[in-house]
Amino acid sequence: MADRMRLLELCLRECAATFGWNLSGNYLSCNKGYLSFLLFPTLSDKSIEYTLAYRYSSFDRVYHAVTMANIYPGYTIVESYQPVEAWSLMGVSTAMRTLTSKADRFAQGLSDRIINVDDNINFLNYLQKRDLRQGLRPRSISMEIVLTYLLTGDNENAIAAAEDAIASGETANGVFQSMIDYARRLL
């Protein structure tokens, strides 16, 4: 497994240079337009499993003010895998290049469509409706809604949305309460 991890690390470096993404630890990241993307690959027996998350870049500033974390982790929009034909440098490189190319094209397309917080919320609502149509349990967008209100200075609605999230059982490890406290200080 250590050999595979080393191959993945080398291929991550290669993809970062090829596609203009940044390598940070074991993931790739990039900024496109008003959005930031994180590509997290992990190894399985026959493939590279991955998640692609995105966030409205301005959320980082607000999230940092509330939690002291440097970046908001974002909303996972893709969870899938990329087959690896052979666990050789060429096999892993081909799989990572294919994966990063798909992620880069998707990121560019999404960043061309989301240019403000309203576009972002509309896209997140679309994802929830898509999950419902596919018979999946829709993921919560409460965090993004509260961050949007805080970003736009609508602190009263930020408090109400965070309280609603807590009332529905979402805690986000105390982040919603921290958001309420932060918004109250700004009132």
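Below, each label is set against the rule behind it.

Reply: Happy to! Keep in mind that this is a predicted model. The chain holds seven helices and five strands, in the order α-β-β-β-β-α-β-α-α-α-α-α from the N terminus.

Me: What makes β1 and β2 a pair?

Reply: Two strands pair if DSSP finds at least two bridges between them. β1 and strand β2 (residues 27-32) have three bridges, in the antiparallel sense, so by that rule they count as paired. In β2, Tyr27 is the bridge partner of Ser24.

Me: Why are β1 and β5 said to stand at the edges of the sheet?

Reply: The open sheet runs β1-β2-β3-β4-β5, with antiparallel pairing. β1 (22-24) and β5 (75-83) each have a single partner strand, so one side of each lacks a neighbour in the sheet. From one strand to the next, the twist averages 25°.

Me: Which strands does helix α1 lie across, and at what angle does it run to β3?

Reply: Helix α1 (residues 2-19) lies across β1, β2, β3 (35-43) and β4 (47-56). To β3, helix α1 runs at about 155°. Angles go from 0 to 180 degrees between N-to-C directions.

Me: What makes a residue of this chain count as buried, and what percentage of the chain does?

Reply: The cut-off is under 20% relative accessible area. Of the 187 residues, 43% count as buried. The accessible surface of the chain is about 10000 Å², and 50% of it belongs to carbon and sulfur atoms.

Note on methods
Residues numbered from 1 in each chain as written. Predicted model: local features only at pLDDT ≥ 70, side-chain atom pairs only at ≥ 80, totals over all residues. Heavy atoms only, no water. Helix = DSSP H or I, 4+ residues; strand = E, 2+ residues; numbered from the N terminus. Buried < 20%, exposed > 50% of the residue type's maximum accessible area, 1.4 Å probe, protein only. Areas by Shrake-Rupley, 256 points an atom, 1.4 Å probe, with all protein chains shown as cover. Contact = heavy atoms within 4.5 Å.
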